[in-house]
Amino acid sequence: MHPNTAFEKNHLIRFHHCDPAGIVFYPEYLVIIDELIEDWFIEGMGTSFADLHMNERIGVPAARIEVDFIAPSKIGDILCLSLLVTRLGNKSFTLMVEGRVGEQVRMRAILVRVVAGLDGLHGITIPPALRERLRRFLAADGVDLLEAQQA
């Protein structure tokens, strides 16, 4: 990860995240990732996730999720989550989320999120203010397709 552009947040693995084997039940990672994205909007980009949905009527639903489960996490672990934007498109963006404990990577996910108008449930062009906020977390080797088209 590139710490100069990544949003990072620690997440305590709790009992309710775990299956009978005592490790994180894999669907729980999707909930943890969604919570991270909401925190990223609020804490990292300084915009209200609630206002975006309820007042601006814009959502960022998942279009694609790919997760690699590299090593198990268990109750009591503090998972350090890192989030980077790797691609900015016209109506969507791609994120890379990594969870690690110490130096050990536990999971890595690639997510495509669509910017959608909630009143018609359709993709919309990423609004300029949101695009600027997203760009602050663009990985050093990431791609902004709008910028590339203008070059």
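Visitor: Which residue is the bridge partner of Gly59 in β7?

Guide: In this predicted model, Gly59 has Ala116 as its bridge partner in β7. That contact belongs to the pairing of β2 with strand β7 (residues 116-117), which is antiparallel and extends over two bridges.

Visitor: What is the order of the strands in the open sheet that holds this pair?

Guide: The three strands of the open sheet follow the order β2-β7-β8, with antiparallel pairing. The edge strands, β2 (58-59) and β8 (122-123), each pair on one side only.

Visitor: What does β5 do after that, and is strand β5 mostly covered or exposed?

Guide: In a regular strand, side chains alternate between the two faces of the sheet. Strand β5 (residues 92-101) is mostly covered, since nine of its ten residues are buried. With strand β6 (residues 104-114), β5 pairs in the antiparallel sense over ten bridges, and Val101 has Gln104 in β6 as its bridge partner. Two residues separate β5 and β6 in their hairpin, where Gly102 in the turn has a positive phi of about 65°.

Visitor: Which residues make the nonpolar surface patch?

Guide: Phe25, Tyr26 and Phe69 make this patch of about 330 Å². Tyr26, which is found in helix α1 (residues 26-44), counts as exposed because its relative accessible area is 52%, and exposed means over 50%.

Conventions
Residues numbered from 1 in each chain as written. Predicted model: local features only at pLDDT ≥ 70, side-chain atom pairs only at ≥ 80, totals over all residues. Heavy atoms only, no water. Patch = residues over 30% accessible without salt bridge, like charges linked within 9 Å, V, L, I, M, F, W, Y side chains within 5 Å. Areas by Shrake-Rupley, 256 points an atom, 1.4 Å probe, with all protein chains shown as cover. Salt bridge = Lys/Arg side-chain N within 4 Å of Asp/Glu carboxyl O. Helix = DSSP H or I, 4+ residues; strand = E, 2+ residues; numbered from the N terminus. Buried < 20%, exposed > 50% of the residue type's maximum accessible area, 1.4 Å probe, protein only. Pairing = 2+ DSSP bridges.
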